[in-house]
Amino acid sequence: MGSMSLVTRITALAALVAITQGRSPDEWKSRVIYQLLTDRFAQNQDDSSPCGDLSNYCGGTFQGIIRKLDYIQGLGVNAIWISPIPEQTDNGYHGYWQKDIYTINPNFGTSDDLISLVKECHNRSIWVMLDIVANHMGNQASGDWSDFSSFNPFNQQGHYHPYCEINNFNNQTEVEVCRLANLPDLDQSNSFVQSTLVSWIHNTVTTYGFDGIRVDTTAEVPKSFWYQYSGSAGVYSMGEVFNGDPEYVSGYQGPLAATLNYPMYFKLFNAFQKRQTMYNVHDGVSQNDVFPDVSVLGNFLDNHDNPRFLHNNPDRVTLKNALAYVIFAEGIPIIYYGTEQGFDGSGDPYCRESLWPQYYNNSDLYLFIKTLATFRTEQGSSLYEAAQVERYVDDEFFAFTRGNVFVATSNIGTGQSLSRSITYHPYSSGTTLVNILNSSDKVTVENNQFEVNIEDGMPKVYFPQN
């Protein structure tokens, strides 16, 4: 047991050394990530009508993303997360059904197109995060679970775990060795599979210059493999552990640099989408303590695997409150494409709409996100290195600070108002605070307190006046 512990420590140290060669977790704290589906974001030419069949390819490409970088940059974000890049089995528009890991998905474009995309992003100081899959391959066209001949390079039965399907997600062994959605489950204990995947991620990151990776189906692969894989990648890694238990999810921060903060997602869902008590936010922040480093976790409101926020709660003002929380809370904020245009799709695939033709850079939500994301970036390390401190909470209201930034959120919604006296804060008496969303909204700290008046349900982001 002692030698195993030593090996684990050495592996973790090697991973830490390797990651310093690329964009580190600390560097990623400065980012606001825009998650897009490559097939759904932009085509080579503008289209006046949205995609009609969301279960198949819609036509988005790498060149399409390049064409719309002004739109992305204008939103105030400074990183994008793109879909997995390998060639897919039939209808694998999303990128999670790998067929040939060495061939770029021709529906997205060419290898040169991808190199150009990363280069053009870097020219604008936009970092690129690649979604990757190391757990499974795509659908078996023959219907014969023992036929792997269509896959490259994992074309032998010995490259996979014996056939079984995950039925009990509380059984970790079953989760790691059985099939998710009947997709062939790679055996990372097989030396060829392990070495091939580890080499592939190193070569892919190096070839294209990716700044980070998002790791699909993280919990379906043993933690020991992720130490080696993330070390070989040499960049920030953020794992998907689709689970609301912070004790369970936090166990994958270490093997990977970070995870998506799914436990917090569910708390925010309850507080804002379902309009339950705002103590959900308080509880979510408290449970974050089990993570080794909350500041590099990925915070989000919706994504390609869940119904959009506005599907569950159509009130855009409540969405703005939730966005204000995510953008300024401790962690790395992630904005799912289409949120800025008020998309309201239900579950997969309806939450995977084509963004075209709605590239409106003057829409209310677009401008709202732009204001907050730009301000976050302007504050720099004085904000994203600062601790999150709760300042007030009750059933309808949650306020916190990071550094000198005071964020007030509520779930009361459009047309509603409330007032709260803030007595626990970092400001000296006489300080005037200005709302960055409305420069005429100012409050002055008097007798060690100030009033926050929520009007029409809108959030407030106060900052000391110069």
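**Close-up views of a predicted model**

View 1. Strand β1 (residues 33-35) runs parallel to strand β10 (residues 332-336), and 3 bridges join the two. In this predicted model, Tyr-34 stands opposite Ile-335 of β10. Both strands belong to an open sheet of 8 strands with parallel pairing, in which the order is β8-β7-β6-β5-β2-β1-β10-β9. The edges of this sheet are formed by β8 (258-259) and β9 (298-299), each of which pairs on one side only.

**View 2. Strand β15 and its two antiparallel partners.** Strand β15 (residues 432-435) is joined by 4 bridges to strand β16 (residues 438-444), and the two run antiparallel, forming a hairpin with 2 residues between them. Strand β15 is also joined to strand β18 (residues 460-464), again in an antiparallel arrangement, through 3 bridges. Leu-433 takes part in both pairings, standing opposite Val-443 in β16 and having Pro-464 as its bridge partner in β18.

**View 3. The buried face of helix α12.** In helix α12 (residues 279-287), the buried residues are Asn-280, Val-281, Gly-284 and Gln-287. Seen down the helix axis, these buried residues fall within an arc of 130 degrees, and therefore they line one face of α12. The elements against which they pack are α10 (246-250), α11 (262-273), α14 (316-328) and β12 (397-402).

**View 4. The largest pocket and its lining.** The largest pocket holds about 590 Å³ of space, and 25 residues line it. Leu-180, Thr-217, Glu-240, Phe-242 and Asp-305 are the lining residues that lie nearest the centre of this pocket. By residue class, the lining comprises 12 nonpolar, 7 polar and 6 charged residues.

View 5. The peptide bond from Asp-348 to Pro-349 is cis, with omega near 5 degrees, and Pro-349 is placed in the loop between β10 and α15 (364-379). The bond from Trp-356 to Pro-357 is likewise cis, with omega near 5 degrees, and Pro-357 is also found in the loop between β10 and α15.

View 6. Asn-91, although not a glycine, has a positive phi of about 65 degrees; its place is in the loop between β3 (86-88) and β4 (98-104). Because its relative accessibility is 34%, Asn-91 counts as partly exposed. Arg-275, which lies in the loop between α11 and α12, is another residue other than glycine with a positive phi, here near 55 degrees. With a relative accessible area of 39%, Arg-275 is partly exposed.

Notes: Residues are numbered from 1 along each chain as its sequence is written. This is a predicted model: local features need pLDDT of at least 70, side-chain atom pairs count only at pLDDT 80 or more; totals for chains, interfaces and linings use all residues. Side-chain values use heavy atoms; hydrogens and water are left out. Buried means under 20% relative accessible area, exposed over 50%, partly exposed in between (1.4 Å probe, protein chains only). The arc is that of the directions from the helix axis to the C-beta atoms. Contact means heavy atoms within 4.5 Å. On a 1 Å grid over the protein atoms alone, a cavity is a set of points where a 1.4 Å probe fits but cannot get out, and a pocket is an open set with protein on both sides within 12 Å along at least five of seven lines; lining residues have an atom within 4 Å of a point. Grid points are joined across faces, edges and corners, and a volume is the space filled by probe spheres set on the points. Ala, Val, Leu, Ile, Met, Phe, Trp, Tyr, Cys and Pro count as nonpolar, Asp, Glu, Lys and Arg as charged, and the others, Gly among them, as polar. Two strands pair if DSSP finds at least two bridges between them.
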